[in-house]
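Here is a short briefing for a first look at this structure. Keep the sequence and the 3D view open while you read.

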Amino acid sequence: MTRLVRWEPFREMVSIRDMMDRFIEDSFGTARGSFDGEGFMSPPVDMYQTDDDVIVKATLPGFKPEEINISVTGDTLSLRGETTAESEVKEATYHMRERRFGSFSRSLRLPSAVVAERAKADFENGILTLTLPKAEEVKPKTISLKAK
């Protein structure tokens, strides 16, 4: 018995796009961050939450703590930074010049309300770790049950 299948050309186009997306992710990875319009890479970020905190880790190699600005507005965390280029060596011929200098800006939506005033920021070996305490109203509550 032969079964007829309706041909949908747009489904094939979506399939091709999915294949290209997977190819790019497999080739270049998504953990490297994303490029902004000026060729500077925004930092890759991990974000997770515990019962009490939202934890954000950002990879910022080559930055100094004073070059990084962190702010929380409502449910949005913003990371900004700027680093300047070292002076170019005039009497040398460069064979490669891949290191990027400039600014980045990255905004992330937080998964729950936090108390920004009690946040902690640590910066070690190019890794920024933010610990953002959750607001009391979003923390899990335990209700004790007593049998009669």
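Two strands count as paired if DSSP finds at least two bridges between them. By that rule, strand β3 (residues 45–49) pairs with β4 in the antiparallel sense, over five bridges. The model is predicted, and its protein chain has a mean pLDDT of 81.

**Confidence**
- In the protein chain, 84% of the residues reach a pLDDT of 70 or more.
- Confidence is highest in β9, at a mean of 96.
- Confidence is lowest in strand β1 (residues 34–35), at a mean of 49.
- Over residues 35–39, pLDDT stays under 50.
- For residues 35–39, the model has five contacts beyond four places in sequence.
- Where pLDDT is low, the predicted coordinates should not be read in detail.

**The open sheet**
- Four strands make up an open sheet, in the order β3-β4-β9-β8.
- The pairing in this sheet is antiparallel.
- From one strand to the next, the twist averages 15 degrees.
- Strands of a sheet pair through backbone hydrogen bonds.

**Strand partners**
- β3 is joined to β4 by a hairpin through three residues.
- Gln-49 stands opposite Val-54 in β4.
- β4 and β9 run antiparallel and are joined by seven bridges.
- Val-54 has Leu-132 as its bridge partner in β9.
- Val-56 has Leu-130 as its bridge partner in β9.

**The nonpolar core**
- The largest nonpolar core has 15 residues.
- Val-56, Leu-60, Leu-77, Leu-79 and Leu-128 have the most contacts inside this core.
- β4, β6 (76–83), β7 and β9 each supply at least two of the core's residues.
- The ring centres of Phe-63 and Phe-104 are 5.4 Å apart and their planes are at 85 degrees, so the pair is edge-to-face.
- Planes over 60 degrees apart count as edge-to-face.
- The pair links distant parts of the chain, with the two residues 41 residues apart.
- Phe-63 is in the loop between β4 (53–59) and β5 (68–73), whereas Phe-104 is in strand β7 (residues 102–109).
- Phe-63 counts as buried because its relative accessibility is 11%.
- Phe-104 is also buried, with a relative accessible area of 5%.

**Two loop residues**
- Ser-112 is found in the loop between β7 and β8.
- Ser-112 is buried, because its relative accessible area is 14%, and buried means under 20%.
- Leaving aside neighbours within four places in sequence, Ser-112 is in contact with Gln-49, Val-54, Lys-134 and Val-138.
- Asn-125 lies in the loop between β8 (120–124) and β9 (127–133).
- Asn-125 counts as exposed, with a relative accessibility of 74%.
- Phi of Asn-125 is near 55 degrees, a positive value in a residue other than glycine.
- Most residues other than glycine have a negative phi.

Key
Residues are numbered from 1 along each chain as its sequence is written. This is a predicted model: local features need pLDDT of at least 70, side-chain atom pairs count only at pLDDT 80 or more; totals for chains, interfaces and linings use all residues. Side-chain values use heavy atoms; hydrogens and water are left out. Buried means under 20% relative accessible area, exposed over 50%, partly exposed in between (1.4 Å probe, protein chains only). pLDDT is the predictor's confidence in each residue, from 0 to 100. Contact means heavy atoms within 4.5 Å. Rings of Phe, Tyr and Trp (its six-membered ring) pair if their centres lie within 6.5 Å; planes under 30 degrees apart count as stacked, over 60 as edge-to-face and the rest as tilted. A nonpolar core is a set of buried Ala, Val, Leu, Ile, Met, Phe, Trp, Tyr and Cys residues joined through side-chain atoms within 4.5 Å. Axes are lines fitted to C-alpha atoms, for helices over the stretch in contact, and angles run from 0 to 180 degrees between N-to-C directions.
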